[in-house]
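Colleague: I would like to go through one part of this model with you. Could you put it on the screen?

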Amino acid sequence: MLFRVHGVTVTNWDKDPLLDLRHGDRSKLGLGVVYAREIVSDAVDLIGDYLAWRPLESVDADSANRALHFPRLFPGKNVAPINHAVTVMEALGRYFDLDHSSPTFEQDVRTIWQKLRLLRAGIGGAFEIVVGHLLLPGEAMRAARDSATALLTGAGHARLACDHLRWIRTGAAGSAGPRARIHIGKHAIQTFTAGDLAVNILHEASHRFASTIDVAYRWEGLRNDTGGFTGLTNDADSYAWASRRIWQARRGHPAQI
């Protein structure tokens, strides 16, 4: 399999030589690429605006509020009039656990903004998506261990064990490859919405282009930091989901997109 979508080269994993994508899945992947670029671009724009106007807060709060209330003009539809400061602070607080009163708040926001700029430059250019049934060694070991635990705990857990074993082949949504390459699981393309697929692309691309790591995942309690995590300014899922939150607010997209 070899095709191009919006300047991105898409191939199949060499361990799945006969793998292919249906026309509908190819189209969804293409839309996911478009959304991913929009998401990170909107996040860079609004966080940049916020940083530019933040000094006004201590000098003239009314002027700062008026300036931040109107969105930057740019081509496109479905642009919602939103308050930049509220949108940025809500997204960063939700997924990076940033506190506006923290002495490192502005430094942390600038760190996030710089990494997002690297990510925008990376996915805005030529890169490669490799599609396959991903087998990630660490995840496979964890799934096999969970499967064995489920079987040993007694009656009623056989189905759970089977689910864990099935996850080894289909559950991994993506990984970061060498150079300008990311791996996306075929199962993710088939089952995710285009918006969630865009988040998956951004998560993996942030590893490659912005040197993020996996501190926490949204499903582990990342949202509003219910898991008590630290070091989220270098977390891939934080960048992906916070950016999506800003994008949804700016463009008026529903949560289920």
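Modeller: Two strands count as paired if DSSP finds at least two bridges between them. Keep in mind that this is a predicted model.

Colleague: In which sense do β3 and strand β5 pair?

Modeller: Strand β5 covers residues 181–185, and strand β3 covers residues 128–132. Five bridges link β3 and β5, and the cut-off for a pair is at least two. The sense of the pairing is parallel.

Colleague: Which residue in β5 is the bridge partner of Val-130?

Modeller: Val-130 is one of the buried residues of β3, on one side with Glu-128 and Gly-132. Its bridge partner in β5 is His-183.

Colleague: Which residue of β3 stands opposite Val-10?

Modeller: Strand β2, residues 8–12, also pairs with β3 in the parallel sense, over four bridges. In that pairing, Val-10 stands opposite Ile-129.

Colleague: How many of the residues of β3 are buried?

Modeller: Buried means under 20% relative accessible area. On one side Glu-128, Val-130 and Gly-132 are buried, and on the other Ile-129 and Val-131. The count for β3 is five of five.

Colleague: Which residue follows α8, with a positive phi?

Modeller: Helix α8 is mostly covered, with 15 of its 17 residues buried. The residue after α8 has a phi near 55 degrees, and it is Ser-211.

Conventions:
Residues are numbered from 1 along each chain as its sequence is written. This is a predicted model: local features need pLDDT of at least 70, side-chain atom pairs count only at pLDDT 80 or more; totals for chains, interfaces and linings use all residues. Side-chain values use heavy atoms; hydrogens and water are left out. Buried means under 20% relative accessible area, exposed over 50%, partly exposed in between (1.4 Å probe, protein chains only). Helices (H or I, at least four residues) and strands (E, at least two) are DSSP runs, numbered from the N terminus.
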